[in-house]
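Reader: I would like a close look at one helix-to-helix contact and at what surrounds it. Please take me through it in one piece.

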Amino acid sequence: MTSVQSHLSASFAAHLADAQVAVEIETPEMTLNIGPQHPSTHGVFRLIAKVDGERVTEVEPVLGYMHRGYEKLCEVRTYAQVTALVNRLDWLSGYCNEIPFILSAEKLMGIEAPPRVQYIRTILSELARQATFLVFLGSFGIELGALTPFFHTMRDREKVLDLLESVTGGRFHPNFNRVGGILDDLPPGFVEECAAVMDDVDKMCDQVDALLFGNDIFRERTLGVGVIPLDKGLEYGVSGANIRASGCAADVRRDEPYLVYDEVDFDVVTDTRGDAFARAYCRLQETRESTRIVRQCLKALPSGPIMAKVPKVIQVPPGEVYVRAENPLGEMGYYLVSRGGRIPYRVKVRTASFNNVSVLPWLLEGVFMPDLIAILGSLYFILGDVDR
Amino acid sequence: MPIDAYYRSYLQVAAVGLLGLGLFGAMIGLAKVLQPRRLSDLKSSIYECGVEPLGDEWSQSQVRYYVFALLFVVFDVEAIFVFPWAVIMGTLSWAALVEMVIFILILAVALLYAVRKGVLRWI
Amino acid sequence: MDWVDYLIRSVVAVVVFAAILGTCTLLVWFERRGAAWMQVRVGPNKAGPFGLLQTVADAVKLLTKEVFVPDSADPLVYRIAPLLSLLPAFLALTIVPFGPGFHIGDRYVPMQIADLNIGILWLLCMSSIAVYGYILAGWSSGSKYPLLGAVRQSAQVISYELVMSLAIIPVVIWAGTLSTSGIVEAQSRYHWYVVPLIVPAIAFFVSGIAETNRPPFDLVEAESELVAGAITEYGGVRFMMFFLAEYTNIITISAITTTLFLGGWNGPILFGTIAGWSVVPLWGLFWFLLKTGVLLFVFIWVRVSLPRLRYDQLMTFGWKIMIGVNVAVVLAVSFVIALMEQGALPMFWAPPGR
């Protein structure tokens with residue numbers, strides 16, 4: 001190297017050092033516990049974060065604070081009892097958790113539920129989806145410091161839960177499905193009431209769209225934050241609105257229709273940005289699509305029995321089956337192994353949140369504390385769904 | 001304002017200060033009387049989201065914003081110069097105004113320089 | 001000046017001090033009910049009529065909490081920090097003129113604790129000192145979340161301190177005095193300064209929100225990020241002091257904004273007598289409280305409406321936009337005043353108040 005070059009590179013290095021004045025001081029890394037008791041982790045989720053100032057250099061999610069051994073418990077419960085257990089996986093949309101399990105049992109037994117049951121199941125699944133997303137739209141605002149939307153979305157969620165309650169008797173944990181059918185028919189006046197609530201939910205979506213998603217601070221805080229590129233998302237098995245926001249139009253309801261999703265018309269909402277804003281906005285749009293589905297189902301609701309012909313004692317013939325469904329948080333699947341008899345031999349649950357959370361160590365590297373919170377909120381996981 | 005009136009107004013400020021101190025003392029004293037005393041090791045450990053604190057409690061953290069502090073000192077001193085000037089500005093000549101404009105502009109250029117240099121980033 | 005005058009001024013000081021405490025109590029209730037009203041819920045309504053005594057109940061509850069110092073904390077600084085936060089908050093309010101002074105017989109009763117001739121500088125001093133309360137609270141706790149909160153506080157408050165002083169300078173140029181009562185007097189002669197100085201008025205109020213760590217600038221105690229920020233380790237009566245200081249600061253900012261830009265105690269009606277007594281001071285107090293109350297409501301309104309800024313956005317907003325704009329305004333105002341003084345420019349907005 002000539003002297004001129006070395007001089008140039010030296011001055012360049014000096015310039016670089018000059019430009020990064022604040023990086024000169026070396027301090028040991030600080031290890032920060034975020035969770036299990038933290039306002040923004042929605043339960044007992046824990047992140048061990050190495051932080052440098054407020055920049056997160058490394059993050060390690062610690063799961064298992066809420067492990068309840070449900071898969072094992074399923075092995076000593078009859079099929080009817082298992083629905084009560086799986087209700088408690090993703091506790092915000094308990095009803096949706098029942099669907100794939102019941103469908104897998106029905107598939108092994110070779111039973112198909114009557115059409116009216118299929119429609120009612122679809123309606124209730126979508127109601128649960130709306131309730132879940134309304135919680136999200138509110139709580140995501142809270143994480144970013146906007147307190148008010150929460151109370152408004154919760155008010156309308158209450159109406160949706162009232163509907164669920166009027167049909168199933170339960171608000172969070174309906175435990176309403178039986179193999180081959182459902183417990184009870186719709187109460188009188190449900191169709192009209194439901195249609196009115198759908199209007200309210202749509203109105204709420206419009207308000208949230210204008211007030212939260214239209215807010216400049218909200219956009220600044222979420223646009224371009226926590227981008228999951230499509231290939232990374234697929235690599236980590238991210239599903240639901242999280243992957244649709246990255247540009248993958250994967251929706252089990254359309255790709256592998258169950259219930260009556262092939263008979264209703266709805267759009268699979270996608271986005272290409274893959275950031276926190278896109279994830280939240282996809283959920284907002286999906287709430288609108290969901291009310292559309294419910295309206296179509298209400299219109300097409302057939303009459304008929306609410307129970308297929310099933311034996312008194314449910315005995316599932318030996319076999320293995322995997323059934324998946326599009327839950328509010330993403331794809332949920334049950335791998336059911338039966339060796340005959342009244343109880344499942346093995347139930348393996350694929351919950352959406354567990355896979356969604358697995359992307360965190362990669363996603364949170366190098367972000368700032370406030371962004372970390374925004375990203376955690378936008379991924380939208382439920383601890384019961386992560387830990388099982 | 002005569003000189004003793006000048007000091008008297010601070011006497012009133014001091015009275016409020018004493019009232020504030022009295023409130024502080026009263027609150028602490030009242031709490032001392034009313035509070036239960038059941039100390040335990042667990043209670044007097046620090047908050048770290050419900051688990052045992054990781055690492056050293058007095059962990060060092062890098063103050064990333066010290067450039068802001070430097071700039072603040074510069075501009076705060078500027079403000080100290082500007083305030084007396086502002087009070088009598090109307091009675092001064094044009095020269096005083098021009099001088100002050102030059103003074104402020106120099107600092108504004110310094111701020112621009114800092115912005116261009118990128119030290120106002122949050123790192 | 002004899003002992004009667006001293007007595008009068010002492011009474012004023014005590015009354016104002018008690019009024020501040022009372023207003024804080026009311027403000028907490030007002031905020032909770034106001035926020036509840038905007039958030040389709042009821043808010044505190046059980047303790048006392050309309051839940052008015054809820055704050056008192058909370059205070060009693062906090063007083064009966066155990067007060068302890070964390071093992072890792074620096075005991076002395078940890079204990080002093082609440083005082084450092086509380087005292088400047090009260091001292092800053094001493095310069096606010098609540099109404100025009102009046103006479104009882106030949107005795108003059110000022111409606112202001114102290115009319116300092118450096119009034120505005122005193123406010124800036126006190127708000128600078130108040131920063132130490134939070135910084136030392138965060139640092140002395142010997143814990144991580146408070147430390148992060150303290151670091152945020154130090155950078156945020158000094159930045160907006162600057163914006164605040166830059167926003168005051170045009171008022172000082174216009175009024176030609178630093179005394180708060182002088183500034184109000186000047187506004188009573190011609191117009192409120194919010195008319196020609198709308199930009200500094202907004203800048204002052206916004207930086208006031210940032211100084212008091214209120215949403216959307218509440219990054220120091222950002223609940224969803226830093227749990228409770230600098231005061232995470234505080235509980236019981238010490239926590240109550242930070243709480244009290246925060247609400248006192250909110251009142252201060254609203255009162256000072258009223259004083260500097262909204263004409264202080266000036267209002268459309270300032271006359272009349274009842275039984276031979278002039279009620280001008282009462283009107284003055286009324287208008288002052290009304291304007292301050294509206295600003296307090298704006299504080300709450302902003303809080304329930306807006307999400308929180310991120311730190312770099314806050315700093316960029318402060319340093320690049322607020323400071324830049326305010327420096328430009330200072331220069332523009334000084335030119336306009338100079339031209340008006342020289343007669344080169346018509347006194348189009350009414351002359352400066354000197």
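Author: In this predicted model, helix 2 of chain C brings C:Ala59, C:Leu62 and C:Leu63 to the contact, and helix 9 of chain C meets them with C:Gly236, C:Val237, C:Phe239 and C:Met240. Sorted by type, the residues of this contact are six nonpolar, one polar and no charged. Helix 2 covers residues 54–63 of chain C, and its axis comes within 7 Å of the axis of helix 9, crossing at roughly 140°. The two helices are therefore oblique to each other, because angles count as roughly antiparallel when over 145 degrees.

Helix 9 of chain C, residues 236–261, also has a part in the contact with chain B. There, 66 residues of chain C are in contact with 54 residues of chain B. Besides helix 9, the elements of chain C that each supply at least two residues to this side are helix 1 (3–38), helix 3 (75–92), helix 5 (144–175) and helix 11 (311–341). By type, the side of chain C that touches chain B has 40 nonpolar, 15 polar and eleven charged residues.

The contacts of C:Phe204, leaving out residues up to four places away in sequence, are C:Met164, C:Ala167, C:Ile168, C:Thr257, C:Leu260 and C:Phe261.

One residue of chain A that touches chain C is A:Thr148, found in helix 6, residues 148–168. Not counting residues up to four places away in sequence, A:Thr148 touches C:Met38, C:Gln39, C:Val304 and C:Ser305. A:Thr148 has 21 other C-beta atoms within 10 Å and so is buried, the cut-off being 20 or more. Between the C-alpha atoms of A:Thr148 and A:Asp251, 103 residues apart along the chain, the separation is 31 Å.

Methods
Residues numbered from 1 in each chain as written. Chains lettered and ligands numbered in written order. Predicted model: local features only at pLDDT ≥ 70, side-chain atom pairs only at ≥ 80, totals over all residues. Contact = placed C-beta atoms within 7 Å. Helix = DSSP H or I, 4+ residues; strand = E, 2+ residues; numbered from the N terminus. Nonpolar A, V, L, I, M, F, W, Y, C, P; charged D, E, K, R; others polar. Buried ≥ 20, exposed ≤ 12 C-beta atoms within 10 Å, placed from the backbone. Axes fitted to C-alpha atoms, helices over the stretch in contact; angles between N-to-C directions. Parallel < 35°, antiparallel > 145°, perpendicular 65-115°, else oblique.
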